[in-house]
Amino acid sequence: MSSLRSEICEWLGTNSAEEDSEGLINECALICQMYNLTAKDLQYKWEALSYGQAQKILRFTRESAADMKAQIQREIQAKNASSVSKSAAGTSSVRGKLANSAKFAGLNAKGLTGPLKTAAQPPKALFRGMASVPVKLEQDFNGPDCQQIRAYRYMYETLGERSETLDTQLDGFGELILKHYQDIGQLGHPSVFSEESCVVVGRIVLDAEASGPGVKLNDQSLILEASRAHGDGLRVPLQLAPDLKIRGGYKGLGGVGLFPGAVVALKGRNGGGGYFIASEILAIPPMPASPAPPSNVAASFDMCIACGPFSPDANLDYKPWRTLVSNLKASKPTVVLLLGPFVDATHTHIQDGMVDETPSDIFRRQFIAPLHDFLSQSPTSTVLLVPSVNDIISDHAVFPQCELDNEFSSDPRIRLLSNPARFSLNGISFAVCSVDVLYHLRKEEYFRRGEEVNSIVCEPEAASDPMSNLSRYVLQQRSFYPIFPVSLEVAHEVNLDVSHSSELRVAESPDDPGPDVIVLPSRLKHFSKVVDNSVVVNPSYLTKGTYATLSYSGQGTGFPKDRISADIARLS
């Protein structure tokens with residue numbers, strides 16, 4: 001019998017040969033190993049905890065183990081918070097480190113010992129002592145520059161903040177509808193009885209009581225939620241007329257997609273039956289095209305776009321990523337856009353503690369070092385890094401998500417972006433998001449067909465395939481994640497912070513032009529196509545062997561979508 005187990009047996013006054021005692025001894029030994037405690041340490045901690053709760057020292061049982069582990073975890077978090085607070089006194093701004101990350105603390109780190117235990121300490125600065133190399137960037141990059149706004153404190157929102165944010169969104173769309181459809185007069189109240197038709201703007205809500213658990217949106221489960229300004233914030237059951245008309249949409253689409261959280265404009269009336277019946281859906285106006293940039297051959301660039309996971313679930317050798325780096329060294333693209341997760345918190349090796357180094361060290365060794373090697377061979381290139389909510393190296397576990405810590409970039413050619421991110425390269429605007437919004441929309445979508453009236457005719461005809469429709473929802477709703485609330489089936493993939501959903505806007509205002517390129521990686525089949533006025537790219541995941549290449553021709557006179565070429569490539 002080991003010394004630790006002997007000490008535990010002595011404290012508990014039990015015999016390890018007894019069947020009932022074996023499990024309790026194993027539980028105590030596991031706690032001691034996880035938190036680097038001796039049997040005496042565990043005994044003292046339990047006596048302090050039990051006396052504080054019951055004013056007497058209770059016998060330690062298997063039911064006590066969970067309370068003991070929770071108490072030890074609280075002590076560790078309090079200690080880490082104190083150390084971070086002290087270090088913040090000498091700096092202008094300090095963000096939490098991995099040790100304080102709820103993402104890391106929530107992992108199933110069974111048998112977590114050795115090097116992973118040191119992850120609770122603040123990680124060391126990347127490439128400490130390395131002097132920054134002055135580099136002249138060849139690309140005109142324009143992106144977010146105020147990290148203070150995005151590095152917000154989450155889980156502190158109030159109901160008032162959430163409702164105000166949702167109301168502001170509806171009111172903004174109401175103004176857009178009034179401006180686009182100038183013949184509708186003013187917006188009506190969907191809950192007020194009326195003999196005449198009116199136009200209302202609201203948010204689609206799933207009637208969970210009527211549909212039952214697990215049932216998706218359908219004709220019988222529609223509810224319309226209005227803003228406080230145009231409907232007192234009330235919800236009213238919604239019925240779509242059998243002869244429904246779709247007004248102002250692209251010709252050839254044949255209908256409109258609805259999902260929880262979608263903002264819609266409807267024409268109809270409340271006849272006093274306790275519901276609003278819509279005879280017409282007014283399509284949300286598409287985002288205008290950005291102006292044609294001037295012809296400038298020097299503005300041409302090419303880009304490689306890849307999205308994680310970068311290593312298969314069976315191991316952490318990052319073989320697909322190493323293959324891509326070899327391709328990058330050969331092709332030397334002007335810009336490399338990488339989307340997380342880089343070190344995936346859901347990877348089985350991470351969850352089970354089957355690693356020999358901290359997640360930060362994994363990221364430095366597997367990504368930063370190869371990227372520095374690539375930049376040494378292609379000194380005029382730029383690398384853009386966008387995190388994922390599944391990234392264990394990020395201390396911001398909600399969406400929208402701020403960029404990775406500055407310690408991960410000592411080279412001005414490696415730029416850290418938020419998730420989602422909007423930026424421009426040589427005047428071409430990009431919108432990027434690492435959350436799989438296309439898959440989430442596909443699961444929630446209810447496509448309602450109707451007769452098209454006053455449709456928008458375009459040449460060539462607007463794409464109407466399922467992937468184009470899903471992408472169009474993101475563009476028309478002006479949001480990287482237009483679903484609300486998040487479905488329980490995919491809630492573990494996106495921890496949505498509603499009060500900061502202004503950071504999810506695809507454009508600064510509803511009237512602004514849409515992005516020239518929007519990158520939406522998804523587990524759905526990879527594609528690159530023009531949707532409305534934007535080039536939409538889904539590179540899929542690098543572990544599936546695919547990534548995207550994009551090139552822009554600065555010489556020409558057409559719109560950006562006509563001068564951008566995007567293709568899906570396979571790892572060789």
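1. Glu27 and Lys69 form a salt bridge, with the closest N and O atoms 3.3 Å apart; the term stands for a side-chain nitrogen of Lys or Arg within 4 Å of a carboxyl oxygen of Asp or Glu. The two residues are 42 apart and link distant parts of the chain, Glu27 sitting in helix H2 (residues 19–34) and Lys69 in helix H4 (residues 62–88). Helices (H or I, at least four residues) and strands (E, at least two) are DSSP runs, numbered from the N terminus. Lys69 is partly exposed at 26% relative accessible area, on a scale where buried is under 20%, exposed over 50% and partly exposed in between (1.4 Å probe, protein chains only).

2. A word on the basis: this is a predicted model, in which local features need pLDDT of at least 70 and side-chain atom pairs pLDDT 80 or more, while totals for chains, interfaces and linings use all residues. Residues are numbered from 1 along each chain as its sequence is written, and side-chain values use heavy atoms, with hydrogens and water left out.

3. How many salt bridges does the structure hold? The count is 24, and one of them joins Arg235 and Glu225 at 2.9 Å, N to O. This pair also links distant parts of the chain: Arg235 belongs to strand E4 (residues 235–247) and Glu225 to strand E3 (residues 222–225), 10 residues apart. Arg235 is exposed at 51% relative accessibility, whereas Glu225 is buried at 13%.

4. Please look at Asp411 and Arg413 too, whose side chains meet in a salt bridge at 2.8 Å, N to O. Elsewhere, salt bridges with shared partners join Lys216, Lys443, Glu444 and Glu489 into one network.

5. Two loop residues deserve a look. Val398 lies in the loop between strand E10 (382–386) and strand E11 (414–416), and is buried at 3% relative accessible area. Its C-alpha is 9.9 Å from that of Glu493, a residue 95 positions away in sequence. Ser221, in the loop between helix H8 (208–211) and E3, is buried at 1%. The side chain of Ser221 reaches the backbone nitrogen of Asn218 at 2.9 Å.

6. Now the sheet. Six strands make an open sheet in the order E11-E10-E9-E8-E19-E20, with mixed pairing; two strands pair if DSSP finds at least two bridges between them. E11 and strand E20 (564–570) are the edge strands, each pairing on one side only. Neighbouring strands are turned by 20° against each other on average, direction ignored. E10 and E11 run parallel and are joined by three bridges, and Val383 stands opposite Ile414 in E11.

7. Which helices pack on this sheet? Helix H10 (residues 319–331) lies across strand E8 (301–307), strand E9 (335–339) and strand E19 (546–552), at about 175° to E8. Helix H12 (residues 359–377) touches E9, E10 and E11, its direction making about 160° with that of E10. Contact here means heavy atoms within 4.5 Å; axes are lines fitted to C-alpha atoms, for helices over the stretch in contact, and angles run from 0 to 180 degrees between N-to-C directions.

Key
A polar contact is a pair of N or O atoms within 3.5 Å; within protein, one must be able to donate a hydrogen and the other to accept it, and residues adjacent in sequence count only if both atoms are side-chain atoms.
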